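Here is a short briefing on one protein model.

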Amino acid sequence: MMGRPVVQASGEFRGVRQRSEYMMGIAADCLADRVRPHAEDETARISHTAAGVVLVIAPWNYPYLTTINSLIPALIAGNAVILKHSPQTPLVAESMANALQLAGLPENVFQFAHCTNAQTLDLIRDQRVHHVVFTGSVAVGRIVAGVAGQALTGCTLELGGKDAAYVRSDADLDWTAAELADGAFYNAGQSCCAVERIYVARSVYADFMDAFLRQTNARQPGNPLEQATTLGPVVSQAAAERICQQVNDAVEAGASLHCGVSAEERHLQSNYLPAQVLTGVDHTMALMRDETFGPVVGVMAVDSEAEAVALMNDSEYGLTASVWTSDEAIAGDIGAQLDTGTWYLNRCDYLSPDLPWSGRKHSGLGCSLSELGYAGLTRPKSALMLRAGGKA
């Protein structure tokens with residue numbers, strides 16, 4: 001429904017199983033009452049109660065993974081769930097319903113709704129909805145948060161990124177180039193944590209670019225139903241036009257385009273885009289500021305770690321970033337300075353279910369996964385109990 005190559009499909013389902021099993025495995029401990037002595041004759045207890053009805057608004061880019069992040073813990077915590085999936089991937093909602101029915105979930109605890117944007121906003125306004133989980137763009141996230149705020153309904157927002165990587169001079173360049181190419185071009189770059197900006201120590205810039213362009217050229221665009229295809233189409237013609245506009249504007253401002261089509265051929269005939277790398281870029285260009293969400297990455301040489309950190313943080317987004325080096329201590333120092341919800345050492349574009357998935361700045365509010373992922377889907381309830389005959 002959204003064009004991902006079939007050779008990449010199994011990865012999403014492995015993630016669904018991994019995240020589901022992890023969140024189920026920690027549920028008993030996360031949702032258990034916390035009881036402790038409060039005073040000589042008193043006991044304090046904190047319980048976790050279901051929020052009520054959780055509305056999950058899911059996107060098309062990873063239609064099962066983004067849904068499962070909240071769906072499974074919401075159900076385990078005792079909530080009913082309404083899933084509003086993207087109109088690009090409507091059958092995912094129906095697949096989820098069939099799976100949950102086969103699993104024995106009581107009738108109507110999970111429901112899905114195919115509805116318009118206006119109808120979705122009406123759902124958010126409805127006082128019978130108690131928490132909203134939205135994954136999507138910043139612009140729509142603001143609307144969701146505004147409507148939820150008017151209804152005094154809690155919301156969790158996962159809104160996207162402009163994720164950066166820093167390649168130090170001591171990095172394993174062949175390994176790094178391969179991993180970053182995968183992080184940039186997997187799923188045609190249509191991931192909120194896809195690598196969209198790379199900063200490279202000037203002393204290894206030329207060698208890195210040689211390795212990175214080799215990896216980029218190895219991407220095989222084509223029919224996503226064919227086993228040889230490793231780069232499918234972007235989701236729509238409108239998306240392709242927006243991505244190409246960023247590339248065109250950068251080239252007109254002085255950037256150099258590698259691995260892409262010529263200027264004459266860049267007039268779109270379809271939404272099948274090649275993997276594209278741009279050099280000679282800077283932060284005056286939208287390509288290095290705005291989310292691209294396509295198979296395009298800009299690469300800059302830097303002269304110091306301080307410059308790399310400043311450029312990595314020079315973004316309205318703060319989802320993930322990665323540091324590529326053989327020095328873990330220096331990586332830790334750099335990671336501590338990055339204004340992101342997650343940073344990686346020698347890897348990228350990955351969610352671990354035992355770590356909270358959260359963003360800084362415009363990348364979102366709240367989090368999913370890990371033990372913290374149950375917080376937004378439950379409500380704390382406290383009790384302070386004086387033993388009969390005790391003294392307050």
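C192 is buried, at 14% relative accessible area; buried means under 20%, exposed over 50% and partly exposed in between, with a 1.4 Å probe and protein chains only. The model is predicted, so local features need pLDDT of at least 70 and side-chain atom pairs pLDDT 80 or more, while totals for chains, interfaces and linings use all residues. Numbering runs from 1 along each chain as its sequence is written, and side-chain values use heavy atoms, without hydrogens or water.

**Cysteines**
- The whole structure holds zero disulfides, a disulfide being a pair of cysteine sulfur atoms within 2.5 Å.
- C192 is in no disulfide, and its nearest cysteine sulfur, in C193, lies 4.9 Å away.

**Nonpolar cores**
- A nonpolar core is a set of buried Ala, Val, Leu, Ile, Met, Phe, Trp, Tyr and Cys residues joined through side-chain atoms within 4.5 Å.
- The largest core has 62 residues. V167, L180, I198, Y199, F208, F212 and V299 touch the most other members.
- A second, separate core has 22 residues, including Y64, V92, A97 and L100.
- Leaving out residues up to four places away in sequence, V299 touches I198, F208 and F212, among others; contact means heavy atoms within 4.5 Å.

**Helix α1**
- Helices are DSSP runs of H or I with at least four residues, strands are runs of E with at least two, and both are numbered from the N terminus.
- α1 covers residues 9-31. At 1.5 Å a residue, its 23 residues should span 33 Å, and the end C-alpha atoms are 33 Å apart, so the two agree. The expected span is 1.5 Å times one less than the number of residues.
- A kink of about 30° is centred on G25. The bend is the angle between axes fitted to the seven residues ending at a residue and the seven starting there.
- Buried residues of α1 include E12, R19, M23 and C30.
- Their cover includes β1 (34-39), β2 (42-50) and α2 (65-76).

**Strand pairing**
- Two strands pair if DSSP finds at least two bridges between them.
- β1 and β2 are antiparallel over five bridges, and a hairpin of two residues joins them.
- P37 is bridged to T43 in β2, and R34 stands opposite I46.
- β2 also pairs with β20 (residues 378-386), antiparallel over nine bridges. There, R45 has A383 as its bridge partner.
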